[in-house]
Amino acid sequence: MSLFVNTWRTTLVVATFWCAHAAYAAELSIGPKGEPLSVNASPDLAGKVPHAGGTFTIGTDPGTPPYSYYREDGLTLVGLDIDLGNAIAAKLGLHAKWQTLKFPGILAAIKAGRIDTALSAMGDTPAREKEVDFVDYSTDGNAIVVAKGNPSGIKKIGDLCGKHVALLQGSVMQGLVEAQNKKCDAKIDIQVFQDINQALLQVRTRRADATMYQYGVAAYVIKTSPDAAGLEVLAFEQYGTGYNAMPFRRADTAMRDAVQAALGEMQKDGSYQKILSAWGMQPNGLEKFTVNDGLRFNQPGG
């Protein structure tokens with residue numbers, strides 16, 4: 001009888017826990033205007049994550065608006081990636097804990113176990129898939145950025161031959177320009193930087209003829225930042241369109257698969273589309289969330 005009672009009590013506690021989880025909803029603010037969004041936790045998915053009820057540590061480089069950046073206070077992280085990360089964590093019954101780091105150090109932090117994943121407009125590339133697994137969550141293309149008025153007369157990526165080009169270290173854009181450089185008679189002077197803002201500064205101060213960055217990020221920065229007022233993005237052609245993706249340790253398949261499933265549930269309940277729309281990025285959304293599908297676009301990049 002005692003064993004039966006204890007078993008019944010244990011069952012009751014578990015049932016109560018799941019009922020509470022099923023009713024749990026995180027009240028989030030999304031988009032630059034702070035629109036409200038309620039995200040219901042999934043008891044089924046919450047039961048599959050390795051650290052149920054705990055924290056989900058996400059890395060980001062806050063220098064890529066509208067994906068990830070600081071508000072004017074220099075402390076509050078905002079952006080499309082931040083909103084998605086908070087919503088994914090809520091769907092899994094977890095609390096998102098954000099850790100800022102430079103983009104080139106993200107994969108090392110993943111492999112060392114310092115963060116669970118990252119949301120930082122990172123591309124899923126075949127080269128990176130040799131190190132980590134990816135969950136693909138949106139797409140974006142890359143465009144050339146020049147000084148306002150385009151004084152060097154750059155119209156396409158082939159026009160970068162013989163020019164000074166500043167790029168983010170370890171990025172898809174660096175891979176694109178390096179691939180173009182192999183075709184150039186007059187070689188490109190490639191300058192790499194740890195921060196995209198440093199690359200943009202080189203162009204603004206005419207120490208570089210151009211840079212290349214994700215079109216959505218470049219267009220947003222030029223539109224909203226006074227420091228980028230002297231720049232323009234060449235929007236008539238984009239290069240290396242590919243996935244934005246969340247990296248995971250190879251052994252962390254449970255978390256990877258739970259995140260993929262969470263995105264699928266967010267698409268069904270409309271929260272995924274609401275977040276993209278809040279940032280004006282709905283054309284970048286996906287109908288299907290894939291794992292390690294980088295070969296589809298075959299972007300360069302380390």
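A residue is called buried when its relative accessible area is under 20%, exposed when the area is over 50%, and partly exposed in between, with a 1.4 Å probe and protein chains only. The structure is a predicted model, in which local features need pLDDT of at least 70 and side-chain atom pairs count only at pLDDT 80 or more, while totals for chains, interfaces and linings use all residues. Residues are numbered from 1 along each chain as its sequence is written, and side-chain values use heavy atoms, with hydrogens and water left out.

The protein contains 10 helices and 13 strands; these elements are DSSP runs numbered from the N terminus, with helices (H or I) of at least four residues and strands (E) of at least two. The C-alpha trace spans about 85 × 40 × 30 Å along the principal axes of the protein. A compact globule of 302 residues would have a radius of gyration near 19 Å, and the 21 Å of the protein agrees with this. The radius is taken over C-alpha atoms, and the globule rule is 2.2 Å times the number of residues to the power 0.38.

Of the 302 residues, 50% count as buried. The accessible surface of the protein is about 13,700 Å², and carbon and sulfur atoms account for 53% of it; the areas come from the Shrake-Rupley method with a 1.4 Å probe, and for residues only the protein chains shown count as cover. Where contacts (heavy atoms within 4.5 Å) link residues at least 6 apart in sequence, 73% of them join residues at least 24 apart. The 29 positive and 30 negative charges of the protein have mean positions 2 Å apart. Lys and Arg count as positive and Asp and Glu as negative, whereas His and the chain ends are not counted; each charge is placed at NZ of Lys, CZ of Arg, CG of Asp or CD of Glu.

Strand pairing requires at least two bridges found by DSSP between the two strands. Strands β4, β5 and β6 form an open sheet of 3 strands in the order β4-β5-β6, with antiparallel pairing. Its edge strands, β4 (63-64) and β6 (77-78), each pair on one side only. Strand β5 (residues 68-70) runs antiparallel to β6 and is joined to it by 2 bridges, with Tyr-70 opposite Leu-77 in β6. The loop between β4 and β5 holds Pro-66, which is joined to Pro-65 by a cis peptide bond with omega about 5 degrees.

Strand β12 (residues 210-214) is mostly covered, as 5 of its 5 residues are buried. Pairing between β12 and β9 (residues 133-147) is antiparallel and extends over 5 bridges; Val-145 has Thr-211 in β12 as its bridge partner. Strand β10 (residues 164-168), by contrast, runs parallel to β12 and is joined to it by 2 bridges, and the partner of Val-165 in β12 is Ala-210.

Most residues other than glycine have a negative phi, and most peptide bonds are trans. Asn-150, in the loop between β9 and β10, has a positive phi near 50 degrees. At 17% relative accessibility, Asn-150 is classed as buried. Arg-206 also has a positive phi, about 65 degrees, although it is not a glycine. This residue, Arg-206, lies in the loop between α7 (196-204) and β12 and is exposed because its relative accessibility is 55%.
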